Amino acid sequence: MSRDKFILIDGSSMLVTNYYGNLPKALLFEKDPEKKESLYSQILHNDQGQYTNAMYGMMRTILKIIAEQKPTHMMFAFDMTRDTFRREKYPDYKGNRGDTPQPLKEQFENMEKLLMDIGFQVFYDNRYEADDIVGSVVTRFEQEIPSYIITKDHDYLQLVSDYTRVWLIQTKQETADELQAKYGSEYGWNSKLSAIPDKAFEVTAPLCLKEYGVLPEQIPDLKGIQGDPSDNIPGVKGVSSAALPLLAEYGTVEGIYAAIDECGDDAGKLKALAAHWKDDLGISRSPMKALSQYRDMAFLSKDLAKIRRDYDTGKSLEDFRINIDKDKAKELFLKYGFKSLIEKI
């Protein structure tokens with residue numbers, strides 16, 4: 001039986017996590033921009049002055065994953081810009097995010113090049129986001145090879161299928177352990193039989209429904225109603241708590257509005273529908289007015305949250321097979337001061 005395994009990594013998520021996780025505390029908690037900048041010299045760097053705290057942490061994590069999970073194939077996707085096609089649709093998309101700190105911005109460029117130089121497949125695009133790239137690759141190859149996505153981003157849950165699982169990284173190991181313990185016996189997960197990466201919670205389709213209240217394919221619909229503050233996706237104001245029961249009943253945003261549209265302008269039918277939502281679905285405060293008022297925003301929000309699957313990497317599955325250039329890796333590890341990682345290659 002083939003033991004092939006494809007691990008797809010949200011590189012932006014992993015690099016950012018390691019940047020903030022390996023910052024000096026004085027810098028991490030400093031609020032004043034000028035004082036922050038004055039503390040940049042405390043960030044881990046090589047003898048050429050290049051910042052390396054995020055790169056070192058990420059590279060150490062990657063090598064640990066390879067050693068423990070023994071994947072045969074691997075790829076990385078990074079966000080290149082916030083000005084993707086989603087901003088063309090909604091200019092305020094991710095408009096709530098601050099500028100990327102210079103030490104992190106520098107490490108994005110260096111990490112992407114480092115990974116490519118030692119033999120990994122790395123992708124980024126000025127129109128697509130990392131999740132669109134991962135979604136496109138996993139959709140193309142998941143029926144040929146068991147696939148696992150590593151990220152902190154809940155958007156990726158919509159990619160979970162019979163062939164693909166998401167290893168969703170939690171902030172603390174304790175949280176991941178609690179989630180695995182909560183569902184382990186019911187869904188047959190056993191840490192002695194199936195190790196997963198540090199701080200990760202393995203999400204399958206049944207677990208997605210159990211823990212998050214929706215099936216993987218309903219994640220965009222959920223965000224269509226609830227919005228997503230992290231990406232500044234608006235959703236429908238005041239309807240957040242009604243999203244899960246409405247989606248359980250109607251399946252999609254389109255299904256919800258089809259039920260409303262069937263009533264037309266008949267006040268009696270609309271009143272009966274609201275009563276059904278209250279009595280049978282347990283929605284105490286009617287969302288009818290808000291849903292009608294923000295209809296366009298619901299469909300726009302769903303569209304913004306939906307991962308695209310049409311990015312063409314031009315690669316075959318074999319191109320993703322892990323083949324690290326160990327000599328090049330050693331050379332670059334020495335350049336960036338990663339001496340302790342050389343023996344782990």
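Is N232 buried, partly exposed or exposed? Let's work through this and a few related exercises on the predicted model.

**Exercise 1. Place N232 in the chain and classify its accessibility.**

Solution. Start with the location: N232 sits in the loop between α10 (219-226) and α11 (243-250). Next, take its relative accessibility, which is 27%. Buried requires under 20% and exposed requires over 50%, so N232 counts as partly exposed. Finally, check the backbone: the phi of N232 is positive, near 60 degrees, in a residue other than glycine. That is worth a look, because most residues other than glycine have a negative phi.

**Exercise 2. Carry out the analysis for K94.**

Solution. First, find K94 in the loop between α5 (85-89) and α6 (102-117). Then read its phi: about 55 degrees, positive although K94 is not a glycine.

**Exercise 3. Work out how the buried residues of α11 are arranged, and what covers them.**

Solution. Begin by picking out A243, L246 and L247, which are buried in α11. Now look down the helix axis: the buried residues fall within an arc of 95 degrees, so they line one face of α11. To finish, follow the chain onward: after α11 comes G251, with a positive phi near 85 degrees.

How values were computed. Residues are numbered from 1 along each chain as its sequence is written. This is a predicted model: local features need pLDDT of at least 70, side-chain atom pairs count only at pLDDT 80 or more; totals for chains, interfaces and linings use all residues. Side-chain values use heavy atoms; hydrogens and water are left out. Helices (H or I, at least four residues) and strands (E, at least two) are DSSP runs, numbered from the N terminus. Buried means under 20% relative accessible area, exposed over 50%, partly exposed in between (1.4 Å probe, protein chains only). The arc is that of the directions from the helix axis to the C-beta atoms. Contact means heavy atoms within 4.5 Å.
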